[in-house]
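Dear colleague,

Please find the structure below, handed over for your reading. The findings follow directly after it.

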Amino acid sequence: TKIGKTAFALCKNLEKVTLGEKLTDVAYGAFQNCDKLSKVNLDHVTVIGDYAFAEDALGELDLSGVDSIGEYAFCYNEELTKVILSDGGVHIGEGAFSYCEALIDLQGEENSPYIGDYSFAYTALTSVDLTKAQYIGTHAFYKESVTDFEAVIGSELSDIGDNPFANCIIAPLSSTK
């Protein structure tokens, strides 16, 4: 049901992982620094721990069953281009996808209530739908250089960190009562 802390970390030649139906929890650093890991099925996983897949070679991720993504879980996956999140909403931890510089396609984010600090910093995203976000963290969508950006924010937003859209050219935020 669970892969333990750093179980396969630093397995430099690991390329593909097939997880069983009963596995629901991938712990801290379980596959961290697996330089060649490009494919993993996360069909039944609901919890992804901190640094679980940090610095791997993943290209696309279907996280449609995941409820919680830990801090820096997928950071520095430089080949990651597409992520599908759960329609039921997912808690996205600090830096979860930071430095995934090729990430341009994010789906399902509109249902996520919590977008952690630096969670999508230094990605290639140019638009997000944060309709159900209750929290958007500090520098959540920080860009290295000034970038045109479109953000949809809903009425459920109750807390926002410091400058979550730093270096993003967006329309001024406002509210109507």
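The notes below cover aromatic pairs, the nonpolar core and charged side chains.

This is a predicted model, in which local features need pLDDT of at least 70 and side-chain atom pairs count only at pLDDT 80 or more, while totals for chains, interfaces and linings use all residues. Residues are numbered from 1 along each chain as its sequence is written, and side-chain values use heavy atoms, with hydrogens and water left out.

Aromatic rings

Rings of Phe, Tyr and Trp (its six-membered ring) are paired if their centres lie within 6.5 Å; planes under 30 degrees apart count as stacked, over 60 as edge-to-face and the rest as tilted. The count comes to 15 aromatic pairs. One of them, Tyr 76 with Tyr 99, is stacked, at 4.6 Å centre to centre and 5° between the planes. This pair links distant parts of the chain, 23 residues apart: Tyr 76 lies in the loop between strand 7 (68-69) and strand 8 (82-85), and Tyr 99 in the loop between strand 9 (91-92) and strand 10 (105-107). Strands here are DSSP runs (E, at least two residues), numbered from the N terminus. Tyr 76 is partly exposed at 35% relative accessibility, and Tyr 99 is partly exposed at 28%; buried means under 20% relative accessible area, exposed over 50%, and partly exposed in between (1.4 Å probe, protein chains only).

Phe 149 and Phe 165 form a tilted pair, 5.9 Å centre to centre with 45° between the planes. Both Phe 149 and Phe 165 are buried.

Nonpolar core

A nonpolar core is a set of buried Ala, Val, Leu, Ile, Met, Phe, Trp, Tyr and Cys residues joined through side-chain atoms within 4.5 Å. The largest has 44 residues, of which Phe 53, Leu 63, Phe 74, Phe 97 and Phe 141 touch the most other members. Strand 6 (60-63), strand 8 and strand 12 (127-130) are the elements that give two or more residues to this core.

Charged side chains

There is one salt bridge (a side-chain nitrogen of Lys or Arg within 4 Å of a carboxyl oxygen of Asp or Glu). Lys 12 forms this salt bridge with Asp 35, the closest N and O atoms being 3.3 Å apart. Lys 12 is partly exposed at 36% relative accessibility, as is Asp 35 at 41%.

With kind regards

Conventions. Helices (H or I, at least four residues) and strands (E, at least two) are DSSP runs, numbered from the N terminus.
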